[in-house]
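Please open the structure in a viewer and keep the sequence panel at hand.

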Amino acid sequence: MASVSVANARKSYGHHEILHGVDIDIQDGEFVILVGPSGCGKSTLLRMIAGLEEISDGRISIGGRVVNDVAPKERDIAMVFQSYALYPHMTVEENMGFSLRLAKAPKDQIKARVREAAEILSLEHLLERHPRNLSGGQRQRVAMGRAIVRNPQVFLFDEPLSNLDAKLRVQMRSEIKQLHQRLRTTTIYVTHDQIEAMTMADKIVVMRDGYVEQIGSPLDLYDRPENLFVAGFIGSPGMNFIKGKSMGGSFVSNDDVTLPLPPGISVHDSHEITYGIRPEHLGVEGDGLNGEVVLVEPTGAETQVTVKVGPDQMIASVRERLDLRAGDHIKLSPNLAKVHLFDSVSGTRLTS
């Protein structure tokens, strides 16, 4: 196991810069997820750590050793890709032990490591099968097993679950997290799915357009997003936003909807701000905003209600099973202790 440090890392293709001075410190044994929309640079950064992409400027260190000019096979990392990349003519056992055979490891050592990895991943009964006889989840476990047998300092995962169906993704999320808890190997995982990031990571790195927007634990990012992008990206359904100004100690939207400001935050009058509130922090009873129900989506454990408030639409997630239909008029009341305020121009969070 080893720490990983990325210092002022830049990546350019010709005159076009993809990554703009990225700084990330990953502790020994941490599970860190790089998350962001397509094109944000997360996979490029992962490939730079792996040595599959050259670094244009800056420094990447693994276990305290600068690896900018070190070949991928000498970085002591193992990578699991979105595609399983299994050899179809080889059995599961042969696929898992292939890298050790290339390294000319003793046969008894290869067999022992493959058996140990197969036991960890519940693949013992599949060792003689070929990839064509496996399900998608089983193939991904084989790919993970191939990485485990190398006993690397760092695991790198590049969107490994994106080819699986929804139910299997949930199962594999749990299996990967349990695997990390057992092995405690430093893990860097790339995904565009913020639910994966929230449920699996010790630390999340949110990226956009080649920049790091925020780094923190899942709940840090959820409870205290540093800017509008992180606030809107983390959470499902996303945070509700209304643009307006502070007037006389209240928030007044651009369409004259008035809301109370959260306690402890002083904002001068006419300051252009964006009012943010998560769906689960909106009540649908008592005093509040007048709105018209647009859509009701029961999910079993909760009900998501889309409500038109002036020209804006807001989503409330409620535990109660309310008898609501499109066209009904209700009131939305925000929990003031959970309101987020952002500067509308810079997008940064406003604090007390």
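In which loop is Pro237 found? Select Pro237: the residue sits in the loop between helix H8 (228-233) and strand E11 (240-247). Helices (H or I, at least four residues) and strands (E, at least two) are DSSP runs, numbered from the N terminus.

The model is a predicted one, in which local features need pLDDT of at least 70 and side-chain atom pairs count only at pLDDT 80 or more, while totals for chains, interfaces and linings use all residues. Residues are numbered from 1 along each chain as its sequence is written, and side-chain values use heavy atoms, with hydrogens and water left out.

**The annotated span**

Select residues 4-234, where UniProt, in an unreviewed entry, places the feature "domain: ABC transporter". UniProt positions follow the numbering used here, feature names are shortened, and annotations may be inferred rather than shown by experiment. The span is 36% helix and 26% strand, and its end C-alpha atoms lie 25 Å apart.

**Positive phi values**

Proceed to Asn8 in strand E1 (residues 4-13). Asn8 is not a glycine, yet its phi is positive, at about 50 degrees. Its relative accessibility is 34%, so Asn8 counts as partly exposed; the classes are buried (under 20% relative accessible area), exposed (over 50%) and partly exposed (in between), with a 1.4 Å probe and protein chains only.

Next, select Arg184, in the loop between helix H5 (166-183) and strand E8 (186-191). Arg184 is also a residue other than glycine with a positive phi, near 55 degrees. Arg184 is partly exposed, at 37% relative accessibility.

**Salt bridges**

The whole structure contains 10 salt bridges, each defined as a side-chain nitrogen of Lys or Arg within 4 Å of a carboxyl oxygen of Asp or Glu.

Display Glu17 and Arg10, whose closest N and O atoms are 3.3 Å apart in a salt bridge. Glu17 is partly exposed at 27% relative accessibility, and Arg10 is partly exposed at 26%.

Then select Glu93 and Lys111, a salt bridge with closest N and O atoms 3.5 Å apart. This pair links distant parts of the chain, 18 residues apart: Glu93 belongs to helix H2 (residues 92-102) and Lys111 to helix H3 (residues 107-120). Glu93 is buried at 17%, whereas Lys111 is partly exposed at 43%.

Finally, select Glu213 and Arg208, which form a salt bridge of 3.3 Å, N to O. Salt bridges that share partners also join Lys11, Arg47 and Glu53 into one network.
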